[in-house]
Structure formats: structure tokens, C-alpha cells
Amino acid sequence: IILGNTRIENSVIGDNVKIESSLIESSIIEKNATIGPFAHLRPKTVLKERAHVGNFVEVKNSVLEKGVKAGHLTYIGDAEIGQNTNIGAGTITCNYDGQKKHKVKIGEDSFIGSDSIIVAPVNIGKNAVTAAGSVITEDVNDNQIAFGRARQINKERGKD
């Protein structure tokens, strides 16, 4: 099903795929995937079976394995995402250091908390979790939870 305001260029679309109000460029979409609304799949994106890329998600040069979900407000670039992993809202893979592109790898059955910033090159293992609001700069092993936040400090306004 391809709904209005969708543009598809040089891409392969599998059976039973639903695309709504999205741009797809030089990508491969396998069966039963869902895209949009307002998603942008840039070149060299592969969505495997039952992957979901939702509202305002941009994906570039990445593979989202079977059952991966990135529901909204996310940028995934130069990444490999393992099957059945959930990518929380506001997640960003920071793949460029000003000179070179780097890759992010996330294992299967992982949960990436909302507003996680993953600074490549980083590997996140299977069944791993990143806490919401974390900046992840080091590898996370299988079955680990990573907290990458500064401690909150509250001060009175107008005082040092």
C-alpha cells in the first residue's frame, strides 16, 4: 500500500509493505515493513521483514533487521540494528567526527531509550539497554544497561 505524498526512487519494495507520506531513495524494503508518515529513507537503507520506521525518522546507509522498530523523531545513519530492537524517540546515531564516518552496531533484542545519542564508533550488545537521555560513547556488552547522563544539579536562579 503506497499512500499519497510518497516518492520512491530506485528502490525495491517487498510484498505487503505500507508506505505513507514518505521519501525512499535507493533502498530495499522487505515484506511486511511499515514506513511513515514523514519518514526519509536515504540511499543504502535496508529494512528487513516487519521493520517499522515511523514519524519523522531518517535512515541512511543502514540495515534494520527483522522486527526493528524506530517509531518517531530519530536519525539512524551508518548503523546495523539487530532484530527485534526498539529505538526510542529522539535517538541519534552520531556517525561523523568532522573527518570520517563511523559505524554503530546494535545487537538483537536491545532497547535504546528515548533521547539516546550514540557516538560512533560504538557497539551495543544483544539484549542491552541505554537509559533515556544518555550519551553513549563506549561499547555496551550483551545484557548490560548503560547510563550516560550527567548528574542533575538544581540551583537558585541568579545565584552562583
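User: How many helices and strands are there in the protein chain, and what makes a run count as either?

Analyst: The protein chain has zero helices and 21 strands. Both are DSSP runs, numbered from the N terminus: helices are H or I with at least four residues, strands are E with at least two. This is a predicted model, where local features need pLDDT of at least 70, side-chain atom pairs count only at pLDDT 80 or more, and totals for chains, interfaces and linings use all residues. Residues are numbered from 1 along each chain as its sequence is written, and side-chain values use heavy atoms, leaving out hydrogens and water.

User: Which strands does β9 pair with, and over how many bridges?

Analyst: Strand β6 (residues 34-35) runs parallel to β9 (residues 52-60) and is joined to it by two bridges. In that pair, T34 is partnered by H52. Strand β7 (residues 40-41) is also parallel to β9, again with two bridges; there H40 is partnered by E58. Strand β11 (residues 69-77) pairs with β9 in the parallel sense over seven bridges. H52 stands opposite K69 of β11.

User: Why is V129 called partly exposed?

Analyst: Its relative accessibility is 27%. Buried means under 20% relative accessible area, exposed over 50%, and partly exposed in between (1.4 Å probe, protein chains only). V129 therefore counts as partly exposed. The residue sits in strand β19 (residues 129-130).

User: What is V129 in contact with, beyond its neighbours within four places in sequence?

Analyst: F111, Q144, I145 and A146. Contact means heavy atoms within 4.5 Å. Q144 is 15 residues from V129 in sequence, with 6.4 Å from C-alpha to C-alpha.

User: Are N10 and N127 buried, partly exposed or exposed?

Analyst: N10 has 70% relative accessibility, so it counts as exposed. N127 has 43%, so it counts as partly exposed. N10 lies in the loop between β1 (7-9) and β2, and N127 in the loop between β18 and β19.

User: What is phi of N10, and what is phi of N127?

Analyst: For N10, phi is near 50°, a positive value in a residue other than glycine. For N127, another residue that is not glycine, phi is near 55°, also positive.

User: Where are P37 and P121, and which peptide bonds there are cis?

Analyst: P37 lies in the loop between β6 and β7. The bond joining G36 and P37 is cis, with omega about 10°. P121 lies in the loop between β17 (117-119) and β18. The bond from A120 to P121 is cis, with omega near 0°.

How values were computed:
Pairing = 2+ DSSP bridges.
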